[in-house]
Amino acid sequence: MAEFYHHGELLSVMTTQPLGRALDYRAPEGGCHTGAFVEVPLGPRKVMGVVWGPGAGDYDINKVRHVIRVLDAPPMSDEMREFLLRSAAYTLTPLPAMLRLATRAPGLGDPPSMRKIYRAGEGLPTRMTDARQRVMAVLEEYGDLAFTLKELSEMAGVTSSVVKGLVDQGAVREEESPRDLPFRRLDPSLPGKALTEDQATAAAVLREGIKAETYGTTLLRGVTGSGKTEVYLEAVAAAIEAGRQALVLLPEIALTEQFLDRVEERFGAKPAEWHSGVTMTERRRIWRMVGEGNAQLVIGARSALFLPFQNLGLIVVDEEHDTSYKQEDGVLYNARDMAVLRASICGAQVVLASATPSLETWANAEAGKYRRLELTSRFGPAVMPQMGAIDMRQAGLPGDKWISAEMKREVDARLERGEQAMLFINRRGYAPITLCRACGEQIGCDQCDARMVEHRFLKRLVCHQCGETKPMPEVCPSCEVEGKLAPIGPGVERLGEEATALWPDARIATLSSDMYGSARALKAEIAGIADGAADIIIGTQLVAKGHNFPKLTLVGVIDADLGLTGSDLRAAERTFQLMRQVAGRAGRAEAPGAALLQTYQPEHPVIRAILAGEEEKFWAAEAGERRQAGVPPYGRMAGIILSGSDAAAVFDLGNHLARHDGPLRAVGAQVFGPAPAPIARVRGRHRVRLLVKADKSVALQEALSRWIGSVRLKGDLRLAVDIDPQSFY
């Protein structure tokens with residue numbers, strides 16, 4: 001039972017303000033419990049916070065102020081507070097910043113908001129018009145159901161003033177109704193799809209884990225199209241049957257529409273949906289309903305992990321290998337790892353689903369920390385696509401073309417049969433470089449040390465680091481010669497232009513996240529493609545993430561070598577995952593599929609592993625190299641990112657840290673750097689990195705805390721710690 005503080009008793013409140021610690025206050029009139037959301041005075045302002053525990057009493061007792069009021073919100077559970085504390089300790093994040101992640105909904109302390117609804121009133125209007133007749137007909141058809149003004153107007157095909165006129169006549173009743181309504185109950189007893197033998201076996205194992213009501217993590221590994229979703233939906237059903245809540249994390253907003261339809265088909269109602277495309281009003285409703293236990297299932301992006309679940313029994317991380325689960329700004333955390341942490345605290349099951357698991361997850365399964373379930377064949381009549389390579393050294397393409405003759409023949413064959421083909425390139429925009437052929441200048445960002453990418457669709461140059469844009473110039477900004485600026489290399493838009501020239505009569509859809517104004521528009525486009533609204537799909541890595549295009553039988557990868565260069569320790573792993581995932585979009589229905597990789601390195605070990613489909617051999621070889629190098633998952637790493645407007649001051653700070661690395665040397669850790677970050681300036685701030693490497697057994701966070709705790713940041717200098725870094729830009 002949470003501790004209760006009577007009026008005037010000393011308590012501590014953790015606010016979301018960057019203060020680093022809880023502050024002492026006196027309990028308000030009527031008292032409050034630990035975990036209560038409260039409003040407190042902070043200087044001249046009023047801020048929100050959470051009652052964290054007893055007051056420290058280290059402040060002048062006569063100056064301690066009272067809590068203003070207890071907010072009308074479900075209190076934060078002990079489990080949630082422990083999760084925030086342990087997350088903060090693991091990621092070396094100040095607790096107020098973690099608390100901000102857990103309170104990302106507007107108006108949490110406001111009383112339940114109301115909205116106007118409309119239903120049938122008494123009698124009929126004095127004068128009946130055609131428009132009024134349509135409104136009355138809708139109300140009669142739906143009985144006593146209520147509508148918002150917008151819903152009723154749209155369904156009747158009239159303006160809102162027609163409905164308002166009927167309210168004045170008494171024929172329609174206008175009422176106030178709470179906006180934060182519970183979600184419709186899901187029915188886990190409804191029949192799911194018939195499962196294959198290996199699906200049924202895997203589902204039974206997951207159901208037993210839910211029934212045990214203990215913590216456990218399972219790697220659900222299945223080839224693309226094997227029906228992993230149907231298997232883990234059975235685990236969701238088991239959690240709901242047990243009266244517990246479930247969370248399914250998806251890596252991409254565009255995936256949610258298809259997934260929500262599948263959930264509704266399985267359980268008879270749609271779940272709560274949490275991501276950046278959700279309205280602020282709906283965010284508040286979801287936050288409150290999750291906290292009150294009135295949302296049984298949430299489908300969301302990584303931040304859904306910080307919702308105030310009251311009885312969480314299952315977390316599914318779909319496409320668990322996806323890099324979008326790592327937050328790279330603000331609080332630096334990996335949602336996959338935080339999902340395992342949260343489940344371990346509340347006794348929940350975790351399902352990590354992927355056709356190409358991350359090496360970290362593969363290693364944990366090999367070591368016996370995670371259970372492993374395998375789905376080895378595609379669902380129904382579908383079979384895995386045939387894999388092949390096109391040796392571009394023999395293709396003889398001109399310098400401004402990227403689709404080989406062999407690829408064109410394969411696409412032609414699909415179009416003749418009425419099937420879909422996909423051409424994949426992992427580059428947004430039109431061209432990655434804009435070069436002046438007069439002076440050699442490559443147009444860069446004014447705020448960053450990065451080249452600007454031409455987006456012909458927008459008629460602008462865009463920096464993919466900071467988002468800065470500028471109109472496409474007519475003259476070179478360096479030598480001022482006109483007509484010499486040329487695009488170098490292909491992006492998804494340029495590939496679309498080439499495809500249009502090769503197949504002028506085909507319906508071509510270009511899928512890239514920056515080409516759609518909203519998540520809803522992107523979802524609608526993907527739904528249209530799945531229904532056959534396009535013949536050729538041109539896409540970036542967005543298309544590799546779990547989409548199901550039944551008519552797609554050919555995937556052509558334009559530049560399979562793109563991720564094989566550079567110093568990223570995960571380059572081989574990511575290339576392997578991306579190629580296997582995108583190839584898996586082909587042949588997911590009855591027609592067999594094929595995947596062709598255009599490559600200049602057909603003999604590269606990663607390309608050979610992709611073509612052979614020898615996934616276990618690839619993981620074992622990659623694991624052997626990482627183990628020998630002592631890097632994750634067989635060693636520990638942390639990135640230290642320093643930034644500031646003065647390059648010399650940033651380097652001075654980096655050199656100071658490198659020279660005073662005693663706390664790290666004491667535990668056997670090594671420091672590399674300081675060195676300029678690969679992109680050394682972003683948004684006008686100079687960036688310097690240090691890398692810390694240690695054995696797997698080292699308590700690295702404790703040593704890092706002592707190390708960086710010795711420095712005081714002056715001016716606009718900033719220091720960020722990235723535990724288990726996924727990228728090194």
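Mentor: Leaving out neighbours up to four places away in sequence, Val667 is in contact with Val698 and Ala703. The model is a predicted one. Val667 sits in the loop that runs between α19 (662-665) and β29 (670-682). With a relative accessible area of 30%, Val667 is partly exposed, because that value falls between the 20% limit for buried and the 50% limit for exposed.

Arg336 belongs to helix α10, which spans residues 335-346. Its relative accessible area is 7%, so Arg336 is buried. Setting aside residues up to four places away in sequence, Arg336 touches Glu320, Tyr325, Leu352, Ser358, Glu360 and Thr361. Arg336 and Arg207 are 129 residues apart in sequence, and their C-alpha atoms are 21 Å apart in space.

Two packed helices are described by the angle between their axes and the distance between the axes. Helix α6 covers residues 197-212 and helix α7 residues 228-241; their axes come within 8 Å and cross at roughly 30°. The two helices are therefore roughly parallel, because the angle is under the 35 degrees that limits that class. The crossing of α6 and α7 is right-handed. On the α6 side, the contact is made by Gln199, Ala202, Ala203, Leu206, Arg207 and Ile210. On the α7 side, it is made by Glu230, Val231, Tyr232, Glu234, Ala235, Ala237, Ala238, Ala239 and Glu241. By class, the residues of this contact divide into 10 nonpolar, 1 polar and 4 charged.

The axes of helix α15 (residues 571-583) and helix α17 (residues 615-629) come within 11 Å and cross at roughly 165°. The angle makes α15 and α17 roughly antiparallel, therefore, since angles over 145 degrees are counted that way. In this pair, α15 passes α17 in a left-handed crossing. Helix α15 contributes Ala572, Glu573, Phe576, Gln577 and Arg580 to the contact, and helix α17 contributes Glu615, Phe618, Trp619, Glu622 and Arg626. These residues divide into 4 nonpolar, 1 polar and 5 charged.

Two of the residues in that contact, Arg580 of α15 and Glu615 of α17, also take part in a network of salt bridges. The network links Arg221, Glu366, Arg372, Glu374, Arg580, Glu615 and Glu616. Side chains of opposite charge can pair when their charged atoms come close. The structure as a whole holds 43 salt bridges.

One of the salt bridges joins the side chains of Arg288 and Asp72, with an N to O distance of 3.7 Å. This pair links distant parts of the chain, its members being 216 residues apart. Arg288 lies in helix α9 (residues 280-292), while Asp72 is in the loop between β7 (69-70) and α1 (78-91). The two partners also fall into separate accessibility classes: Arg288 is buried, at 3% relative accessible area, whereas Asp72 is partly exposed, at 40%.

In helix α1, Glu82 and Arg86 are 4 residues apart, which is about one turn of the helix. The closest N and O atoms of their salt bridge are 3.1 Å apart. Glu82 has 34% relative accessibility and counts as partly exposed; Arg86, at 38%, also counts as partly exposed.

Lys408 forms a salt bridge with Asp412, the closest N and O atoms being 3.0 Å apart. At 26% relative accessibility, Lys408 is partly exposed, and Asp412 is partly exposed at 23%.

Definitions and conventions:
Residues numbered from 1 in each chain as written. Predicted model: local features only at pLDDT ≥ 70, side-chain atom pairs only at ≥ 80, totals over all residues. Heavy atoms only, no water. Buried < 20%, exposed > 50% of the residue type's maximum accessible area, 1.4 Å probe, protein only. Contact = heavy atoms within 4.5 Å. Salt bridge = Lys/Arg side-chain N within 4 Å of Asp/Glu carboxyl O. Axes fitted to C-alpha atoms, helices over the stretch in contact; angles between N-to-C directions. Parallel < 35°, antiparallel > 145°, perpendicular 65-115°, else oblique. Left-handed = near helix turned anticlockwise from the far one by under 90°. Nonpolar A, V, L, I, M, F, W, Y, C, P; charged D, E, K, R; others polar.
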